[in-house]
Amino acid sequence: MTDAVDPKAELLRLRASIDNIDAALIFMLAERFRATQQVGHLKAEHEMPASDPGREEQQVARLRALAEEAHLDPEFAEKWFNFVVAEVIRHHTEAAEANR
């Protein structure tokens, strides 16, 4: 006699786990944006460019390597990073304009 798993109960358990992970990701992104907003204000105050292509290139390489190590598609990691960086640059540009 084997222990049968109730597929509906297993689905609920898995979805609850996914919901917890999603919540953690949202809070981590919020923390990340708080930090990048401080960077944006610092850059604006000292008239530094909103974008730093060299830093972004280093981060892409680092995140792709981390993704491979974590068995996550590096292309996906790079797309995610580019999406986040576009938003960060928008915030930095707004901060620079507000500082003028």
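Visitor: What is the handedness of the crossing of H1 and H3, left-handed or right-handed?
Guide: The model shown here is predicted. Helix H1 spans residues 7-45 and helix H3 spans residues 74-99. Where these two helices cross, the crossing is right-handed.

Visitor: At what angle do the axes of H1 and H3 cross?
Guide: Two packed helices are described by the angle between their axes and the distance between the axes. For H1 and H3, the axes come within 8 Å. The crossing angle of H1 and H3 is roughly 40 degrees.

Visitor: Which word describes how H1 and H3 lie to each other?
Guide: Angles under 35 degrees would count as roughly parallel, and 65 to 115 degrees as roughly perpendicular. The axes of H1 and H3 cross at roughly 40 degrees. The two helices, H1 and H3, are therefore oblique.

Visitor: How many residues of the contact of H1 with H3 are nonpolar, polar and charged?
Guide: On the H1 side, the residues in contact include Leu29, Phe33, Val39 and Ala44. On the H3 side, they include Trp80, Phe81, Val84 and Ala95. The residues of this contact divide into ten nonpolar, seven polar and four charged.

Visitor: Where is Glu47, and is this residue buried or exposed?
Guide: Glu47 sits in the loop between H1 and helix H2 (53-69). Its phi is positive, about 50 degrees, although Glu47 is not a glycine. Exposed means over 50% relative accessible area. At 76%, Glu47 counts as exposed.

Visitor: What is the phi of His71?
Guide: His71 lies in the loop between H2 and H3. With 76% relative accessibility, His71 counts as exposed. His71 is not a glycine, but its phi is positive, at about 60 degrees.

Visitor: How many salt bridges does the structure hold?
Guide: Side chains of opposite charge can pair when their charged atoms come close. One of the salt bridges joins Glu31 and Arg34. The number of salt bridges in the structure is six.

Visitor: How many residues apart are Glu31 and Arg34 in helix H1?
Guide: The side chains of Glu31 and Arg34 meet at 3.0 Å, N to O. Glu31 is partly exposed, with a relative accessible area of 45%, and Arg34 also counts as partly exposed at 45%. About one helical turn separates Glu31 and Arg34, because their spacing in H1 is three residues.

Visitor: Which helices hold Arg64 and Glu75?
Guide: A salt bridge joins the side chains of Arg64 and Glu75 at 3.2 Å, N to O. The pair ties together parts eleven residues apart in sequence, because Arg64 lies in helix H2 and Glu75 in helix H3. Arg64 is partly exposed at 23%, and Glu75 is partly exposed at 41%. The helices that hold Arg64 and Glu75 are H2 and H3.

Visitor: How far apart in sequence are the parts that Glu78 and Arg64 tie together?
Guide: The side chains of Glu78 and Arg64 meet in a salt bridge of 2.7 Å, N to O. Glu78 lies in H3 and Arg64 in H2, so this pair ties together parts that are 14 residues apart.

Visitor: Which residues are linked in a network of salt bridges?
Guide: Arg64 meets Glu75 in a salt bridge, and Arg64 meets Glu78 in a salt bridge. Glu78 is partly exposed, with a relative accessible area of 24%. The residues linked in the network are Arg64, Glu75 and Glu78.

Terms used
Residues are numbered from 1 along each chain as its sequence is written. This is a predicted model: local features need pLDDT of at least 70, side-chain atom pairs count only at pLDDT 80 or more; totals for chains, interfaces and linings use all residues. Side-chain values use heavy atoms; hydrogens and water are left out. Axes are lines fitted to C-alpha atoms, for helices over the stretch in contact, and angles run from 0 to 180 degrees between N-to-C directions. Helices (H or I, at least four residues) and strands (E, at least two) are DSSP runs, numbered from the N terminus. Angles under 35 degrees count as roughly parallel, over 145 as roughly antiparallel, 65 to 115 as roughly perpendicular and the rest as oblique. A crossing is left-handed if the near helix is turned anticlockwise from the far one by less than a right angle, and right-handed if clockwise. Contact means heavy atoms within 4.5 Å. Ala, Val, Leu, Ile, Met, Phe, Trp, Tyr, Cys and Pro count as nonpolar, Asp, Glu, Lys and Arg as charged, and the others, Gly among them, as polar. Buried means under 20% relative accessible area, exposed over 50%, partly exposed in between (1.4 Å probe, protein chains only). A salt bridge is a side-chain nitrogen of Lys or Arg within 4 Å of a carboxyl oxygen of Asp or Glu.
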